[in-house]
Amino acid sequence: MKKNSVLIAIISLIAYSATAQTKIPAKDAAKHLNETVTISDKVYSTKLIENTNMVLLDLGGEHPNQYLTVVIRGEDRSKFNSRPEEYYKGREVIVTGKLIDYRGKPEIVVSSPDDLKLNMNDGIIKQPIKTGN
């Protein structure tokens, strides 16, 4: 019985390690395309694309010199703080998702606030509950 418990614990640890996200700096995003990663960096610039309601958050530098763009599609914008393009600007965030290439720049598309949190040096803070537009 004790051997089985140890074996189960080892298998669980291996399975957890295999599913854990890779943490990388934003400047290395282009080296990890098609991988699911976690990145922490400052949002330097943002853009709301009016006709689609899509929000772009530029991490690691201002557009067009950003290391990474985080995309919130228009249909997902209402799940986030009422104005994510204002809420996240100038703040340190932690984003988790699959890195893709969009016109030669790395990008992560997030569809849930669970994938984009504020990084408050002493811990991760989830965004406040949406209060309306």
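Here are some friendly notes on the predicted model above, point by point.

1. **Ground rules.** This is a predicted model, in which local features need pLDDT of at least 70 and side-chain atom pairs count only at pLDDT 80 or more, while totals for chains, interfaces and linings use all residues. Residues are numbered from 1 along each chain as its sequence is written, and side-chain values use heavy atoms, with hydrogens and water left out.

2. **Overall layout.** The protein has three helices and eight strands; helices (H or I, at least four residues) and strands (E, at least two) are DSSP runs, numbered from the N terminus. Read from the N terminus on, the order of elements is α-β-β-β-β-α-α-β-β-β-β. Of the 133 residues, 37% are buried, where buried means under 20% relative accessible area, exposed over 50%, and partly exposed in between (1.4 Å probe, protein chains only).

3. **Nonpolar core.** The largest nonpolar core has 22 residues, and Ile39, Leu57, Leu68, Tyr88 and Val95 touch the most other members. Two or more residues come from each of E2, E3, E4, strand E5 (92–102), E6 and strand E7 (116–120). A nonpolar core here is a set of buried Ala, Val, Leu, Ile, Met, Phe, Trp, Tyr and Cys residues joined through side-chain atoms within 4.5 Å. As background, nonpolar side chains tend to be buried together in soluble globular proteins.

4. **The largest pocket.** The largest pocket has a volume of about 400 Å³ and is lined by 18 residues, with Leu56, His63, Thr69, Tyr102 and Glu107 nearest its centre. Strand E2 (36–49), strand E3 (54–59), strand E4 (68–72) and strand E6 (105–110) are the elements that each give two or more residues to the lining. On a 1 Å grid over the protein atoms alone, a pocket is an open set of points where a 1.4 Å probe fits, with protein on both sides within 12 Å along at least five of seven lines; lining residues have an atom within 4 Å of a point. Grid points are joined across faces, edges and corners, and the volume is the space filled by probe spheres set on the points.

5. By class, the lining of the largest pocket has seven nonpolar, five polar and six charged residues. In this scheme Ala, Val, Leu, Ile, Met, Phe, Trp, Tyr, Cys and Pro are nonpolar, Asp, Glu, Lys and Arg are charged, and the others, Gly among them, are polar.

6. **Salt bridges.** There are three in the structure, each a side-chain nitrogen of Lys or Arg within 4 Å of a carboxyl oxygen of Asp or Glu. Glu85 pairs with Arg77 at 2.7 Å between the closest N and O atoms; Glu85 is buried at 9% relative accessible area, and Arg77 is buried at 12%. Lys79 and Asp76 have their closest N and O atoms 3.0 Å apart, with Lys79 partly exposed at 43% and Asp76 buried at 9%. In the salt bridge of Asp28 and Lys31, the N to O distance is 3.5 Å; Asp28 is buried at 19%, whereas Lys31 is exposed at 65%.

7. **A threonine pair.** Thr38 sits in strand E2 and is buried, at 12% relative accessibility. Its side chain is joined to that of Thr96 by a polar contact of 2.9 Å. Such a contact is a pair of N or O atoms within 3.5 Å; within protein, one must be able to donate a hydrogen and the other to accept it, and residues adjacent in sequence count only if both atoms are side-chain atoms.

8. **The loop between E2 and E3.** Glu50 lies in this loop and is exposed, at 64% relative accessibility.

9. **Backbone points to check by eye.** A cis peptide bond joins His63 and Pro64, with omega about 10°, and Pro64 is in the loop between E3 and E4. Arg103 has a positive phi of about 50° although it is not a glycine. Arg103 belongs to the loop between E5 and E6 and is exposed, at 73% relative accessible area.
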